[in-house]
Amino acid sequence: MQNQPDEFLHTPSIKEDWGGDGKGRMNLSGRRTAISQEYLPRQYQYFDTNSLSEEDGWRINGIPKEVISGRRRLLTWNDCGASTSRVVLPTQFEAPSGIFTADLEIFVLKGAIQVGEWQLSKHCYSFIPAGVKVGPWKVLGDEEVEILWMENGFLKYRNAENNHPDANLSDFIPALDSKLLAWGKTDTVQFVQANKKWLRKDSNGGGVWLLTILPHYDGKYSEIQCYNEEGYCLAGYCDVGDYRFLKDHFLYCPSFSIIPKHRTDDGCLFLIRVDRDLSKVSTVLSYASGDN
């Protein structure tokens, strides 16, 4: 038994529905959402996460029973196990160090948490590849910590003294404070009045970033987005067609969806996850639809 490979570290990558090979380690294709129990291809979805009921007693699969549970709002998920959730951990939360069986991304929305030697506070990000030993975990201060919790597959906790030999340590991002990063340019002409901060870039050119859309922005045209996207509004607002995106609102955009034009007077800030390189020509297409 000792010589058998640990299959649990080999999270299956589903082929992206825009034709990618599934190596971006996000598994954003084919997701169901909190407002649709079935996958809706080419249909842009958006909702207020505060309107969702919380699941009490949420626990990381496999975590020791003595670890106090938290709360969760499940936002999107795929049959392959990948999911995105809004998780709340109470002030008494403490968990031992160990490894996870799938890649995990976390982005702190509120509060602070200690993960091993590193502290993550508001708007800090971490990417924990499967098999990398992290922790122990401890919520800091007297405020609950709220996290966007993004799993790449069926994630379980395993007790381990060391990193797994097959872990992708080179991809490990222990604690990235987005407030310390410089703003850069976006990759598409549709968002010339915007800036971005990369948090993580995949080998296929997709990844995770912060997007700030500047005040007085008017996109003028709808768009066809030839990739899968998730987005979470962190501050401000943006009108997308007739829908007003506010803080804590969430979007899921399957490949080849038509997105209404964007407008904002005051500006906004989003966390964005995308499974394709947007710098390539024609990944985002301006589209003169009937609502312009």
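Where does Asp202 lie? Asp202 sits in the loop that links strand S17 (194-201) to strand S18 (207-213).

## Ground rules

This is a predicted model, where local features need pLDDT of at least 70 and side-chain atom pairs count only at pLDDT 80 or more, while totals for chains, interfaces and linings use all residues. Residues are numbered from 1 along each chain as its sequence is written, and side-chain values use heavy atoms, with hydrogens and water left out.

## Around Asp202

With a relative accessible area of 9%, Asp202 is buried (under 20%, using a 1.4 Å probe and protein chains only). Leaving aside residues up to four places away in sequence, Asp202 touches Gly24, Met26 and Gly207 (heavy atoms within 4.5 Å).

The Asp202 side chain also makes a polar contact with the Arg200 side chain, at 2.3 Å (N or O atoms within 3.5 Å, one able to donate a hydrogen and the other to accept it). Then there's Arg276: 74 residues away from Asp202 in sequence, but 8.7 Å away in space, C-alpha to C-alpha.

## A three-stranded sheet

Over to another part of the model: 3 strands make an open, antiparallel sheet, ordered S25-S20-S28. Strands here are DSSP runs of E, at least two residues long, and two of them pair if DSSP finds at least two bridges between them. S25 (257-259) and S28 (284-287) are the edge strands, each with a single partner, so one side of each has no neighbour in the sheet.

S20 (residues 222-225) and S28 run antiparallel and are joined by 4 bridges. Ser222, for instance, has Tyr287 as its bridge partner in S28.

Key: Buried < 20%, exposed > 50% of the residue type's maximum accessible area, 1.4 Å probe, protein only.
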